[in-house]
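Subject: Model handover and findings

Hello,

Here is the structure you are taking over, with the sequence alongside. My notes on what was found in it follow below.

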Amino acid sequence: SDLTPRLDWVGSPGYTADGVDPDTGDPNATNFTVKVKYTDPGGAAPAVARCVIQRKDCGGTWTACRSLPLAKEFGSEKTGAIYSVQAQLTNQVMKYRFYFKSAAAMDAVGTPTSFVQGPLINGSPSLCWTGATGFVSDGVDPDSGPTGTSFQFQVQYTDSAGDAPTTYQLVIRRNGTIWRQKDMNPETAGDYRLGKVYRASVTINTAGTYEYRFNFADASGQALGPPNNWTSNPTITGTTSILTGVAALQTPVGAQVTFTLSAAANITATVVNVAGRPIATLAADKPLEAGVQTLVWDRKADTGLTAPAGLYVMRLTARDAGGGQSSALATVSLR
């Protein structure tokens with residue numbers, strides 16, 4: 001006969017479709033009760049009875065966090081015994097599963113052995129760098145450029161309870177004084193619990209010493225993390241950019257980017273996705289005359305496939321005859 005042990009949800013209020021109650025709580029204050037039903041055909045107690053918890057830090061991967069030992073609460077293992085434990089949990093994004101092993105060294109099977117999201121912790125949100133190309137260890141790209149350069153800023157916001165921020169600002173100061181405060185726009189992809197990227201573009205036309213920080217908050221408090229601190233850059237060279245007026249928009253067949261060159265220059269233009277991965281090349285060191293110029297993207301990737309709907313970034317670099325170089329970014333949303 002089959003001697004495989006089994007785990008099931010308890011089925012009582014609060015535990016009909018998961019194994020924790022309450023489903024939300026305050027960090028280091030709420031006593032969460034974890035329960036599961038264990039059945040062993042032989043009627044023996046389990047050799048191992050644990051709730052395994054993993055956490056996901058802002059911008060990181062799932063890692064081991066807690067392993068809570070469960071004790072028998074009541075019932076018979078032959079017909080279904082309830083095992084439980086109480087614990088307080090810290091302000092982190094978490095998922096959990098149950099791991100039971102029978103006295104005969106057989107792993108228990110059943111839905112509770114798979115990871116379940118939660119519980120949701122009502123703590124302060126966090127900020128981290130997005131890890132995309134150009135944003136691995138800071139929140140601005142490019143890091144430097146002449147006056148007239150369009151700089152793109154981005155940051156990842158995470159809240160363990162899945163709440164959207166009520167404040168979502170990029171703050172820039174020049175020469176030690178607040179110069180610009182700008183609300184940022186969220187990406188369509190992602191979610192607030194596991195991480196949502198916010199973006200903003202700023203064109204800087206005046207030389208100076210610049211610093212920036214990201215000011216995010218929700219009802220639980222200020223979002224913390226390295227992006228909340230003042231960070232140096234972008235660096236302005238003080239010279240005039242030969243590449244100005246960069247703007248991108250969707251067209252019936254794809255998108256186009258329009259810009260102005262103050263002098264003849266060689267242009268390199270690429271399209272990347274929100275993760276910073278190259279999608280298409282529009283121009284590769286292409287010589288263009290001074291004046292207003294337009295480059296067209298037919299929505300085809302370099303692979304020949306049609307790019308899906310979403311937000312894309314057009315990166316432009318202009319190199320003049322004297323070796324001077326200017327860079328700029330423009331975003332376009334394709335539907």
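Predicted model: local features only at pLDDT ≥ 70, side-chain atom pairs only at ≥ 80, totals over all residues.

P234 sits in strand 22, which covers residues 231-240. The peptide bond between N233 and P234 is cis, with omega at about 0°. N233 belongs to strand 22 too, and its phi is positive, about 105°, although N233 is not a glycine.

P142 lies in the loop that runs between strand 13 and strand 14 (144-147).

N175 is a non-glycine residue with a positive phi, near 55°. N175 is located in the loop between strand 16 (167-174) and strand 17 (177-183). Its relative accessibility is 54%, so N175 counts as exposed.

R199 is part of strand 19, residues 196-204. R199 counts as buried because its relative accessibility is 7%, the limit for buried being under 20%. A polar atom of the R199 side chain lies 2.9 Å from the backbone oxygen of V274. With residues up to four places away in sequence not counted, R199 touches Q152, F153, Q154, M184, N185, E187, V274, L311 and V313.

T130 is placed in the loop between strand 12 (126-128) and strand 13 (140-141). The relative accessible area of T130 is 19%, so T130 is buried under the 20% cut-off. The side chains of T130 and Q154 are joined by a polar contact of 2.5 Å. A polar atom of the T130 side chain also lies 3.3 Å from the backbone nitrogen of A132. Apart from neighbours within four places in sequence, T130 is in contact with F135, Q154, V155, Q156 and V197.

On to the strands and their pairing.

Strand 8 (residues 80-87) is mostly covered, with seven of its eight residues buried. Strand 8 pairs with strand 4 (residues 32-39) in the antiparallel sense over seven bridges; in this pairing I82 of strand 8 is the bridge partner of K37. Strand 8 also runs antiparallel to strand 7 (residues 71-76), and five bridges join the two. Here Y83 of strand 8 is the bridge partner of K72. Strand 7 and strand 8 make a hairpin, with three residues between them.

There is also an open sheet of four strands, in the order 26-25-28-29, with antiparallel pairing. Strand 26 (278-288) and strand 29 (325-334) are at its edges; each has a single partner strand, so one side of each has no neighbour in the sheet. Neighbouring strands of this sheet are turned against each other by 15° on average, direction ignored. Strand 28 (residues 310-320) and strand 29 run antiparallel and are joined by 10 bridges. One of the pairs has L316 with A328 of strand 29 as its bridge partner.

Regards

Conventions
Residues numbered from 1 in each chain as written. Heavy atoms only, no water. Buried < 20%, exposed > 50% of the residue type's maximum accessible area, 1.4 Å probe, protein only. Polar contact = N/O pair within 3.5 Å; in protein donor to acceptor, adjacent residues only side chain to side chain. Contact = heavy atoms within 4.5 Å. Pairing = 2+ DSSP bridges. Axes fitted to C-alpha atoms, helices over the stretch in contact; angles between N-to-C directions.
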